[in-house]
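Here is a short briefing to read alongside the structure. Have the viewer open and follow along.

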Amino acid sequence: MFPLLWVTSVTPVCLSEQTLHDGDRTLGEMSTVRRGLGILGGTFDPPHIGHIATAKAVFEALLLERVLLMVANEPWQKVGNRSLSAPEDRLAMTRAAVTGTDGLEASDLEIRRGGPTYTIDSLEELRLSNPDTDLFLILGADAAAGLESWHRSSELPALATLVIVERDGETRAEAPPEWSIRRVTMPRVDISSTHLRSFAARGTTLSPFVPEPVIAEIESRGLYGLDSS
Ligand code: ATP
Ligand code: MG
């Protein structure tokens, strides 16, 4: 019943790389069945339209069942460099960010686990709770470039397919050969949470880079020096 091309295109044992562009059409898109769980990990301090566009681009290009925006509890690469918003605040903002967006969900898995956040632990947990689902670890090219420094990085490729999201004009990111890789391209959304925190500190509006429900959450929680008064 299912087109063979589609089945082979989502399996994590696929060794070849395939780049999908906006507007590409595969046989799978003629089917309504979506398979696979995408994971976009991040600090989300705050979440912004770049995160949403990335998650949505992969959701559509790979015909995934859903994409989790996985909120890091203690992102070990960022702790100590600056003060982070509380995990509960970042989770609330991320939930607000995906409100009404089909296929995207905020996940509190790493916050519930507590302690320093390592992707390997999250993939192992997701593997156990979703034994029949292919996992797709989504990374921007910037994040993919640092993959080898991650905790137990050599064990990650057995658990998930790597999806590298390349923004127009970005240098192609490579990954260790053990990885099964998919590439998705998307238009560049030149914004980061770091930019947005400095905008807020200068009193500049975060709109339209942050969805309105997130701005409401920021103001009601008094984050980044903003409040609703
Ligand atoms: P910070 O400035 O605090 O590092 P950030 O905006 O870079 O925040 P992260 O939490 O570091 O966000 O990133 C989470 C994931 O989202 C990473 O895989 C990263 O590559 C991706 N990402 C971040 N910003 C963008 C963007 N503008 N467009 C597409 N993907 C993005
Ligand atoms: Mg970043």
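The notes below cover the ligand site and then the aromatic pairs.

This is a predicted model, in which local features need pLDDT of at least 70, side-chain atom pairs count only at pLDDT 80 or more, and totals for chains, interfaces and linings use all residues. Residues are numbered from 1 along each chain as its sequence is written, chains are lettered from A and ligands numbered from 1 in the order in which they are written, and side-chain values use heavy atoms, leaving out hydrogens and water.

**The shell around ligand 1**
- Ligand 1 is surrounded by 22 residues (a heavy atom within 4 Å), and the closest are His48, Asp142, Val189, Ser193 and Thr194.
- By type, the shell holds 11 polar, six nonpolar and five charged residues (Asp, Glu, Lys and Arg count as charged; Ala, Val, Leu, Ile, Met, Phe, Trp, Tyr, Cys and Pro as nonpolar; the others, Gly among them, as polar).

**Polar contacts of ligand 1** 
- Oxygen atoms of ligand 1 lie 2.4 Å from a polar side-chain atom of Thr194 and 2.8 Å from one of His48 (a polar contact is a pair of N or O atoms within 3.5 Å).
- A polar backbone atom of Ile191 is 2.8 Å from a nitrogen atom of ligand 1.
- On its own, ligand 1 has 600 Å² of accessible area, and the protein covers 89% of that (Shrake-Rupley method, 1.4 Å probe).

**Aromatic pairs**
- Two aromatic pairs turn up in the whole structure (ring centres within 6.5 Å).
- Trp76 and Tyr118 have ring centres 6.3 Å apart and planes at 40°, so this pair is tilted (stacked is under 30 degrees, edge-to-face over 60, and tilted the rest).

How values were computed
Polar contact = N/O pair within 3.5 Å; in protein donor to acceptor, adjacent residues only side chain to side chain. Phe/Tyr/Trp six-rings, centres within 6.5 Å; stacked < 30°, edge-to-face > 60°.
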